[in-house]
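Trainee: I would like to go through the labels used for this model. Please give the cut-off behind each one.

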Amino acid sequence: FLEDGEGFDFKSRFRLRLRLPNTEKRFRVTFASSPDEIELEDDASDDTTIERLEEADDNLTTALEYFFLDKKRHNMKFAVGATIRDSSLVGYGSTRYRYQVDVRRWTLRFVERLRWYTDDGWDARSELAFERPLFDHLFFRTTPSLTWKEKNDGFTYSWNTSLFHPLNKKSALEYQFNTYFDTEISGRLKQTTVRVNYRRQIWRQWLFMEIAPQLAWYEDRDFKTTAGIMVRLEIFMGRYGSSIYDTN
């Protein structure tokens with residue numbers, strides 16, 4: 001990620017899931033670069049803004065996940081695990097509930113996640129996604145979310161909107177408009193980002209590239225226009241690399 005006035009940031013992310021045999025797909029062991037990465041594949045939004053790059057680094061996370069309920073419309077899982085954060089071992093437990101319903105051409109999806117860390121205490125995230133196809137080839141998604149952390153004062157909330165535009169079987173565009181707020185002082189606006197994300201399958205079925213130029217306006221820079229660009233390579237192995245944009 002390269003941004004005007006900030007220089008170059010590099011971050012690697014990974015996730016490996018192993019379903020345990022003879023458990024009716026209810027248990028799996030996951031290794032990832034952070035606890036959020038464990039949740040990413042199942043949740044609606046992939047929050048790839050600069051805020052992710054500014055978080056404390058988690059070098060390795062491992063968790064045992066148990067799917068208490070796993071239906072097409074709703075599911076619920078529990079997880080216990082540990083992560084290495086700032087060279088210290090931190091334990092955590094989490095639960096996540098997901099419910100989805102179709103209303104005419106709209107799909108509504110509610111996700112509630114509650115976690116507890118041995119060092120930072122509780123945090124919770126509530127997310128509600130509204131999505132639908134537009135015309136013959138576009139897909140629209142808008143997602144308000146609310147996050148609370150015991151270690152912080154107030155709440156943070158965001159409203160992220162994306163329009164997905166497949167170009168062909170191997171490439172697609174995603175147009176994003178994202179806003180982030182903080183209630184610590186009167187619900188102030190912290191950040192607004194406009195991004196165009198070009199994604200292409202560049203080799204076989206498992207190697208993808210993304211190029212995402214953006215304009216951002218930050219509170220701590222007096223909302224002056226700041227240009228940036230993100231370049232990302234993704235490698236998928238197993239059954240998770242089947243589409244350019246998985247909107248299911």
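Mentor: What follows takes a few residues in turn and sets each value against its definition.

Mentor: This is a predicted model, in which local features need pLDDT of at least 70, side-chain atom pairs count only at pLDDT 80 or more, and totals for chains, interfaces and linings use all residues. Residues are numbered from 1 along each chain as its sequence is written, and side-chain values use heavy atoms, with hydrogens and water left out.

Trainee: Why is Ser162 called buried?

Mentor: Buried means under 20% relative accessible area, exposed over 50%, and partly exposed in between (1.4 Å probe, protein chains only). Ser162 has 11% relative accessibility, so the residue counts as buried.

Trainee: What makes the pair Ser162 and Glu174 a polar contact?

Mentor: The term needs a pair of N or O atoms within 3.5 Å; within protein, one must be able to donate a hydrogen and the other to accept it, and residues adjacent in sequence count only if both atoms are side-chain atoms. The side chains of Ser162 and Glu174 are joined at 2.8 Å.

Trainee: Why is Ser87 called exposed?

Mentor: Its relative accessible area is 71%, therefore Ser87 is exposed. Its phi is near 70°, a positive value in a residue other than glycine.

Trainee: And what makes Phe135 exposed?

Mentor: Phe135 has a relative accessible area of 66%, so the label is exposed. Phi of Phe135 is near 55°, also positive in a residue other than glycine.
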